[in-house]
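Dear colleague,

I am handing over the structure we spoke about, and my notes follow directly below it. Please read them with the model open beside you.

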Amino acid sequence: MSARCAHCGSGEHVLVVAVREGQDVWACRAHARELAAPVDDELAALAYYQSRRHGTR
């Protein structure tokens, strides 16, 4: 199963931008800002880092 943007369903260049209810929230470049977690959310920052290390989907 490939990651999809939570807003538009795009599968290109998506990254984790938040963690909500224990689930990663993926977003494309166009919707990343809209779906992003607050800057001080450490869990979302870790998820983002891990998604970058493993490459975008």
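I begin with Ser51, which sits in helix H2; helices here are DSSP runs of H or I with at least four residues, strands are runs of E with at least two, and both are numbered from the N terminus. Please keep in mind that this is a predicted model, in which local features need pLDDT of at least 70 and side-chain atom pairs count only at pLDDT 80 or more, while totals for chains, interfaces and linings use all residues. Residues are numbered from 1 along each chain as its sequence is written, and side-chain values use heavy atoms, with hydrogens and water left out.

Ser51 counts as buried because its relative accessibility is 5%, where buried means under 20% relative accessible area, exposed means over 50%, and partly exposed lies in between, with a 1.4 Å probe and protein chains only. Although Ser51 and Val16 are 35 residues apart in sequence, their C-alpha atoms are 6.2 Å apart in space.

Helix H2 itself runs over residues 42–53, which makes 12 residues, and it reaches 17 Å from its first C-alpha to its last, close to the 16 Å expected at 1.5 Å a residue; that expected span is 1.5 Å times one less than the number of residues. Which residues of H2 are buried? They are Ala44, Ala47 and Ser51, and they lie on the same side of H2 because they cover an arc of only 60 degrees around the axis, the arc being that of the directions from the helix axis to the C-beta atoms. As background, an α-helix has 3.6 residues a turn, so residues three or four places apart point the same way. The face of H2 turned away from its buried side carries the exposed residues Glu42 and Arg53, whereas the cover over the buried residues includes strand S1 (15–20) and strand S2 (23–27). At the N-terminal end, H2 is capped by Asp41, which has a side-chain oxygen 3.1 Å from the backbone nitrogen of Leu43; a polar contact of this kind is a pair of N or O atoms within 3.5 Å, where within protein one must be able to donate a hydrogen and the other to accept it, and residues adjacent in sequence count only if both atoms are side-chain atoms.

The largest nonpolar core has 15 residues, and those with the most contacts inside it are Cys5, Val14, Val17, Val25, Trp26, Ala27 and Leu35. The elements that give two or more residues to this core are S1, S2 and H2, and the largest share, four residues, comes from S1. By a nonpolar core I mean a set of buried Ala, Val, Leu, Ile, Met, Phe, Trp, Tyr and Cys residues joined through side-chain atoms within 4.5 Å. Leaving aside residues up to four places away in sequence, Leu35 touches Cys5, Ala6, His7, Val17, Ala18, Arg20, Val25, Trp26 and Ala27, a contact being heavy atoms within 4.5 Å.

The cysteines deserve a separate note. How many disulfides does the structure hold? It holds zero, a disulfide being a pair of cysteine sulfur atoms within 2.5 Å. Cys8 is in no disulfide, and the nearest cysteine sulfur, that of Cys5, is 3.8 Å away; Cys8 is partly exposed, with a relative accessible area of 44%. Cys28 is likewise in no disulfide, with the sulfur of Cys5 the nearest at 3.8 Å, but Cys28 counts as buried at 8% relative accessibility. Cys28 lies in the loop between S2 and H1 and, not counting residues up to four places away in sequence, touches Cys5, Cys8, Ser10, Glu12, His13 and Val14. His31 is in the loop between S2 and helix H1 (32–35), is buried with a relative accessible area of 15%, and touches Cys5, His7 and Cys8, again not counting residues up to four places away in sequence.

His13, found in the segment before S1, has a phi near 55 degrees, a positive value in a residue other than glycine, and His13 counts as partly exposed at 41% relative accessibility. Glu21, in the loop between S1 and S2, also has a positive phi near 55 degrees, and at 83% relative accessibility Glu21 counts as exposed.

With best wishes
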